[in-house]
Amino acid sequence: MNLKFAYWYFNNALDKKFCKKIINHALKKQKLLGLVGEDKPKKVNKEYVDNLKKLRNSQVVWLTDSWIYEALHPLIDTANRNSGWNFNWKFSEKIQFTIYKKGQHYNWHRDSFPNPDKAGMIRKLSVTVQLNDSKDFEDGKLQFCMDDTRPDYERKIITCNDADRGSVIVFPSHLWHRVTPVTKGTRYSLVLWNRGSTFV
């Protein structure tokens, strides 16, 4: 699939008060180890965690608050239209609040899975929201690889300027992307996946 835009960027789309509200709300909830893929292990042991951290090392909190969806859905629609993707999407999954501390990262991955779910839906549009200010952390960059194949040689890498508090980035879920290791401080972000019928 050829894309004119790898992502659509909204700078300071959410104000400081709103972002702080999300952080305070999420930090009161149970933090979980960020896992990978559809098939989660029944038992998370040390060997699994050690292997997992090579790909992903972060903590997450799951949110389902309507006020967050209501703020993001208009931005998703605008990005989908203005970028020219015009993907048909129908609903959003649970919202993932992600915590990246020093040394934590998420290596190259795609948000979409090879097969549709039982309802015939796939992830089509992903959203990342930067919740804290760039002075609170270093590195932790969101990057995209525009090659169709797995980016083993890191070709055509695009670094997204997502460090501003309240920035919202919308992108096609099938794109390879990563969050580089945070080298100082803590990065707080939201991730939201939006599903629709399979592409024809």
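A residue is called buried when its relative accessible area is under 20%, exposed when it is over 50%, and partly exposed in between, with a 1.4 Å probe and protein chains only. By this rule Trp85 is buried, with a relative accessible area of 8%, and 47% of the 200 residues of the protein count as buried.

The structure is a predicted model, in which local features need pLDDT of at least 70, side-chain atom pairs count only at pLDDT 80 or more, and totals for chains, interfaces and linings use all residues. Residues are numbered from 1 along each chain as its sequence is written, and side-chain values use heavy atoms, with hydrogens and water left out.

**Overall make-up**

The protein has 3 helices and 15 strands, where helices (H or I, at least four residues) and strands (E, at least two) are DSSP runs numbered from the N terminus. Contact means heavy atoms within 4.5 Å; among contacts between residues at least 6 apart in sequence, 87% join residues at least 24 apart.

**Aromatic rings**

Rings of Phe, Tyr and Trp (its six-membered ring) pair if their centres lie within 6.5 Å, and planes under 30 degrees apart count as stacked, over 60 as edge-to-face and the rest as tilted. The structure holds 8 aromatic pairs. One of them is stacked, because the rings of Trp85 and Phe87 have centres 6.3 Å apart and planes at 25°; Phe87 is buried, with a relative accessible area of 9%. The rings of Phe144 and Phe171, with centres 4.9 Å apart and planes at 70°, form an edge-to-face pair. This pair links distant parts of the chain, since Phe144 lies in strand 10 (residues 142–145) and Phe171 in strand 12 (residues 168–172), 27 residues apart. Phe144 is buried at 0% relative accessibility, and Phe171 is buried with a relative accessible area of 1%. Ring pairs also join Tyr7 to Phe144 and Phe171 in a cluster.

**Charges over rings**

A charge sits over a ring if NZ of Lys or CZ of Arg is within 6 Å of the ring centre and within 35 degrees of the ring normal. Two such placements are listed here.

| Charged end | Ring | Distance from ring centre |
|---|---|---|
| Lys21 | Trp67 | 4.2 Å |
| Lys124 | Phe199 | 4.6 Å |

**Helix 1 and helix 3**

The axes of helix 1 (residues 16–27) and helix 3 (residues 66–82) come within 12 Å and cross at roughly 140°; axes are lines fitted to C-alpha atoms, for helices over the stretch in contact, and angles run from 0 to 180 degrees between N-to-C directions.

**Backbone with positive phi**

Most residues other than glycine have a negative phi. Asn12, although not a glycine, has a positive phi of about 50°; Asn12 is placed in the loop between strand 1 (8–10) and helix 1, and is partly exposed at 48% relative accessibility. Asp139, likewise not a glycine, has a positive phi of about 60°; Asp139 is found in strand 9 (residues 137–139) and is partly exposed, with a relative accessible area of 37%.
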